[in-house]
Amino acid sequence: MNNGPLLFLGLFVTMACSWLSFVMGPQLQMGDMRPTTNIVVGASGQIYPHPEPGTAHQGAEVYRANGCAACHTQQVRPRDLGSDIDRGWGVRRSTAYDYLYDQPVMLGSQRVGPDLANVGKRMDTISILLHLYEPRTITTNSIMPPFPFLFEKRKIQGVPSADALRLPAPFTPTPGYEIVPRPAALSLAAYVASLHQDGYLFEAPPPLRAPGGTNTPASAPAPAAAPTNSPAK
Amino acid sequence: MSQNVTNNPANRDNDEPRAVDVTVPIWLVLVFGLLCYWGQLYLCNHAGGFDKQVYAPYQTVDEVASMNPKSDTDKFMIMGKDVFDKTCTACHQPNGLGKEGIAPPLVGSEWVLAPGPNRIAHVALYGLTGPISVKGKEWNLTMVPWKDTFDDEHIAAVLTYVRNTWGNKASPVKPEQVAAARKEGHSGPETSPELLKLPVQ
Amino acid sequence: MSVTASPAQTAPRPSPQSVRTDIEVSCRLPLLGLFGSGVLWLLLGLLFALIATLKFHNPRFLSSEAYWTYGRMHAAHTTALLYGFGVQTALGVGLWLLCRLGRAPLAAPGVVLVGIALWNTAVTIGLIAILCGDSTGFESFEMPAYVSAMLFVSYLLIALCGVLTFHRRAEGNLYPSQWFVLGSFFWFPWIFSTTSMLLLCLPVRGVMQSSVAWWYAHNFSSIFLGFAGLASIFYFIPKLMNRPLHSYYLAAMAFWTLALFGSWGGIPGGAPLPSWIISLGVVGTVLTTVPLLAVAANLFHTVRHDLNALDNHLTLRFTYVALVFWLLAGVQQIVGVLPDVSALTDYTWFTVAHWELFHYGFFAFAMFGAIYYIVPRLLDWVNPPMWSPGLVKCHFWLTFVGILISYLALLVGGVGQGFLLANPKYSFAQVMMSTLMALRAGTPGDLFIIIGTIFFLLNFALLLLRWGFRYWVENSGGLRKERL
């Protein structure tokens, strides 16, 4: 193997294999993915997913800027590969459709904190804001760092602001002061509250049989052809 | 620890390394072959035919299709279960048996199993308050209305689910039947006497 | 003792010392720049990591300003380590190996210097951007779009000089280290440009971004950094033990199978991607057993007759430890990708443990071993020894123990976390509490690594000072020491 050009050719071919498998192949298959109509009950509306409202999209930018994905994942694994569904982190596994409108897609790779794929169903905006300001108001022993820089501590001018956080003791601010979320906090909370992966899809159907049962019922032989469109409800 | 490896007083480094022409041991070739064999078997079973619709743990598109509900009835039941799991289990419990001081049972309840669903449609839409007799036992609790939370289709689905689970067997509920109950209207929650006045249909 | 080098291909003969001197002189400034700035970035990255781990002791630590929040510290740490330290030392060692093995001086050292300056500028801008909130959101690829072009161009300036040096080689036969270096140099521009295009310039849709991002991170570490470290290991172990490499063909097999299979992988088992992508990753990673065994067999056969030699040379110590860590990390990666295991260990500290072992254990040790050997030769000062022996000992032992502490803490913590996470009876709060002890136990490990690295920098600074002093004495005193 003393020939330089041959060496480069070999490297090119091996690199191309990997590129084809993980970049080009998936891109050819899923590059033009559009919202699906293959919904199996439960989703509100005829297509999935729906684009987020504006504030939520800005919130994604705050999520990105502060590296929230360093501790939180946004992907639900199927029952066989983890306890995600049993923990109530989602009703079904995540699929490619769930991230169609995300830019960037922040799936995360560590669960220092819980998975957030469906956190919008578990927490509302107020509790999210409280959690951001001081996580221990919601989770007693939380190791999540507080984000006080997303909030403003200001003197109460006459009447307290409508937005001001209602903090429990011992986190209440000094008397005469209130904690008001900045726009970044509000949009981040809107984003986090918008996180949910609704409905069952063709690729992630609901459990037809009780968990643990793997036998098909007597009446179900393999269907004749692989359907690509089930009738949308 | 000395920094220099050579004891050569002229301080010449060793020559550049060379590689010897020893052939690859046969056991490594065998291991390679075995692993390639395993790899292609693995891909046969776990690559879903390279179909973009197949996600773990399913192995083929056919399997995914077989896991999908096959009829509209199936889908309706799943929708109803979805609603029930999210909303009704808090009080009526996941096993439908209810709980003392919280909610009456749905399993075997004569209200649920009535030939027509209009009475329970009213309950679901408008809520219930005051004393009511279920399976020979007196209950006096309050149920909130759901007419503003769910549409006719979802209420019909959850009623169908309740009427056909845990051993209950009754006719499915159609969205039109719920719509009719909604049209009849009612101010405030229902009460048992008012419900009994409604003819079953 | 000066013989002009003949450009014709020759069988390996002792190379003329003047050629060697030309190599060292041509490499002097560029490599000192690469190594010096590289280790400074390493220290900075380690400091960011320390701040991040301290937050597990007290979440309130440095939480009042956005710059120091955990997410940004984590991103800054990986960026400084991978791009500041990783790329520069890989390039430095790679260039030197191409020169030495090809018996040709470095081509266009001035261009390399420009490349180094540009690269460091780009990484500085990128790091400041991350601290200010401009990270891309993709792990191992956090520097924003506006530095991508600068990074790419500066890399090419350096790498192409290496390729040119290779082209001008006087020695026709290639030694395995050269394949690894060229592979390494070749891989980075491809993965970097592809990823920049598909994630930043013309973003692909949806979860495709994750596929590309995982592919990039895996290839960057396993292939780009992996090849650079292996090049160093394949060179120094035979050379310093004064024995030939056991098998040329085993090395070739290791090289090609690692290039082919090592580049398939990096995707967690439960990822929201069709199963074929994940399965390809599993198969590729399991097949890296072959290069693992090939490298292990090859090098163990090379060393097995003379294990005592390890004590004679500090570079050998570092290099041998690097090899063992590479093998261990490889085994962990293979075991961790099997579906039953990954269901337990994905998203836990297990994967972080592997990352640390690979980057701080294998890669940093391989690079330091090379640096300890190369720098005295660059400065033409091999005898008496330049490095202060006490500081070297401190560096080695502190970093070795530090990595062990850190790795074992995260490994045990990660596996425990995985088991608890898999059982829904345990609330997430309980899972999290169970990891705290492990995380806090790992902090002394990080501290040791930092102190060890500081000892290296002290040693390096002292060395440069002493060399500078000697150089000044020689030149101003009019005494010309005979060039060896």
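This is a predicted model: local features need pLDDT of at least 70, side-chain atom pairs count only at pLDDT 80 or more; totals for chains, interfaces and linings use all residues.
## Fold of chain C

Let's start with secondary structure. Chain C holds 14 helices and zero strands, and along the sequence its pattern is simply α-α-α-α-α-α-α-α-α-α-α-α-α-α. The radius of gyration of chain C is 22 Å, close to the 23 Å given by the globule rule for 484 residues, so the chain is as compact as a globular protein of that length.

## Dimensions and packing

Within chain C, 62% of the 484 residues count as buried.

The contact pattern is worth a look too. Among contacts in chain C with a separation of 6 or more, 84% are between residues 24 or more positions apart.

## Where chain A meets chain C

Now to the contact between the two chains. Chain A brings 62 residues to this contact, and chain C brings 72 residues. On the side of chain A that touches chain C, the elements giving two or more residues are helix H1 (4-30) and helix H2 (54-65) of chain A. Of these, H1(A) gives the most, with 16 residues.

What is the make-up of the side of chain A that touches chain C, in nonpolar, polar and charged residues? That side of chain A divides into 34 nonpolar, 21 polar and seven charged residues.

Note on methods: Residues are numbered from 1 along each chain as its sequence is written. Chains are lettered from A and ligands numbered from 1 in the order in which they are written. Helices (H or I, at least four residues) and strands (E, at least two) are DSSP runs, numbered from the N terminus. The radius of gyration is taken over C-alpha atoms; the globule rule is 2.2 Å times the number of residues to the power 0.38. A residue is buried if 20 or more other C-beta atoms lie within 10 Å of its own, exposed if 12 or fewer, and partly exposed in between; C-beta atoms are placed from the backbone. Two residues are in contact if their C-beta atoms, placed from the backbone, lie within 7 Å. Ala, Val, Leu, Ile, Met, Phe, Trp, Tyr, Cys and Pro count as nonpolar, Asp, Glu, Lys and Arg as charged, and the others, Gly among them, as polar.
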